[in-house]
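Here is a friendly walk through the model you have open. Keep the viewer at hand as you read.

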Amino acid sequence: MANEAVIIELLGIVPGRPFRQGVADATAVPKGTIMEQADDRKVTVSNGDDSFGGIAAHEKVANDGSESLTVYSHGIFDLKNANLATFQAGDHLDVNGANLVTISDAAGVLKPGRFVALENAEKLTFAACLVGSGL
Amino acid sequence: MASEAVIIELLGNAGNPVRFTVADGTAVPKGTIMKITDPRSAVPSAANGDPFAGIASTEKVASDGSTTLALYTCGIFDMSAGDAESNDGLRMHIFGANILEECDAADLLVSTVGISLENMPSSGALGAVLVGCGW
């Protein structure tokens, strides 16, 4: 993988508001991976127009015997804009590719995991984004 | 300014304050509803469609040397819908300087303020709004 999210600031009473999700033992997850929410309270690595399942708080090595993963759900992270459109500070964003986000359209704002852009971003550049604020 | 938000109850980590950059020359009364600007900056709300950044947690005096301001992003606040009547249970967005309005579909594409907890009369009187709960 590449383009993992980078922590700028973890927010909330418990920094980053971490919680545990299920994950397949065979899955390798680099720290900072944007995860997709799957059925049965499990996550997989993001790879498309996905529902947000948190940001991997630590690395998970494939076949390490672990079947759960802690994900961050609240903070300010550097996220990478996909190669689709620019976005402006204040826009709602959603997951749209492997570790990529894009400006939300009408369908995007209905998905779990609306992020708020805190900076303008050209295509394929990183920008600070507010995650899990509910704004 | 007028019609600043009034704290009813701070939720989360005492309002989940987030620090934004502000221009030193800007005066910001406590309770001002702030707009996100690039990069990770905030200015007082002024117009319909401004993306919501948060609510000023303290007063900032113009040219006091400070270039950051903590904004509340989670809590219940009394806010005004100006001269437009609004019902409870609706998503609200910035309509003007410290003034809210019910969201339509297009308004959901940028950061919104919160959910009205009571009817807001057209007199401009304040009504409670739930901010930053992710609903």
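## Overall make-up of chain A

From the N terminus on, the elements of chain A run β-β-β-β-β-β-β-β-β-β-β. That comes to 0 helices and 11 strands, where helices (H or I, at least four residues) and strands (E, at least two) are DSSP runs numbered from the N terminus. The radius of gyration of chain A is 14 Å, close to the 14 Å that the globule rule gives for 135 residues, so chain A is as compact as a globular protein of that length. Here the radius of gyration is taken over C-alpha atoms, and the globule rule is 2.2 Å times the number of residues to the power 0.38. Along the principal axes, the C-alpha atoms of chain A fill a box of roughly 40 × 30 × 25 Å.

Please bear in mind that this is a predicted model, in which local features need pLDDT of at least 70 and side-chain atom pairs count only at pLDDT 80 or more, while totals for chains, interfaces and linings use all residues. Residues are numbered from 1 along each chain as its sequence is written, and chains are lettered from A and ligands numbered from 1 in the order in which they are written.

## Burial and contacts in chain A

Buried residues make up 53% of the 135 residues in chain A. A residue is buried if 20 or more other C-beta atoms lie within 10 Å of its own, exposed if 12 or fewer, and partly exposed in between, with C-beta atoms placed from the backbone. Of the contacts in chain A with a separation of 6 or more, 59% are between residues 24 or more positions apart; two residues are in contact if their C-beta atoms, placed from the backbone, lie within 7 Å.

## The two domains of chain A

Chain A is divided into domain 1 (6–72) and domain 2 (75–131), with bounds that come from an automatic or database domain assignment. The C-alpha centres of these domains of chain A lie 18 Å apart. Their contact takes 20 residues from domain 1 of chain A and 13 residues from domain 2 of chain A.

Which elements give two or more residues to the side of domain 1 of chain A that touches domain 2 of chain A? They are strand 1 (6–10), strand 3 (34–38) and strand 5 (52–56) of chain A. The largest share of that side, 5 residues, comes from strand 1 of chain A. By class, the side has 10 nonpolar, 7 polar and 3 charged residues. For these classes, Ala, Val, Leu, Ile, Met, Phe, Trp, Tyr, Cys and Pro count as nonpolar, Asp, Glu, Lys and Arg as charged, and the others, Gly among them, as polar.

Chain B has 0 helices and 11 strands. Of its 135 residues, 47% count as buried. The domain assignment of chain B gives domain 1 (13–72) and domain 2 (75–131). Between the centres of these domains of chain B, taken over C-alpha atoms, the separation is 18 Å. The contact takes 16 residues from domain 1 of chain B and 12 residues from domain 2 of chain B.

Is Tyr72(B) buried or exposed? With 24 C-beta neighbours inside 10 Å, Tyr72(B) counts as buried. Its place is in strand 6 (residues 68–72) of chain B. Among the residues that Tyr72(B) touches, not counting those up to four places away in sequence, are Leu10(B), Pro17(B) and Ile55(B). The C-alpha atoms of Tyr72(B) and Ile7(B), 65 residues apart along the chain, are separated by 9.7 Å.

## Strand pairing in chain B

Strand 7 (residues 75–80) and strand 11 (residues 126–131) of chain B pair in the antiparallel sense over 6 bridges; two strands pair if DSSP finds at least two bridges between them. Within strand 11 of chain B, Gly127(B) is the bridge partner of Met79(B). Strand 10 (residues 114–116) of chain B also runs antiparallel to strand 11 of chain B, joined by 3 bridges. Ile115(B) stands opposite Leu130(B) in strand 11 of chain B.

## Where the chains meet, and the core

In the contact between the chains, 22 residues of chain B meet 20 residues of chain A. The side of chain B that touches chain A has 11 nonpolar, 9 polar and 2 charged residues.

The largest nonpolar core has 67 residues, and those touching the most other members are Ala117(A), Leu118(A), Cys129(A), Leu71(B), Leu100(B) and Val129(B). A nonpolar core is a set of buried Ala, Val, Leu, Ile, Met, Phe, Trp, Tyr and Cys residues joined through C-beta atoms within 7 Å. Strand 11 (residues 126–131) of chain A gives the most to this core, with 5 residues.
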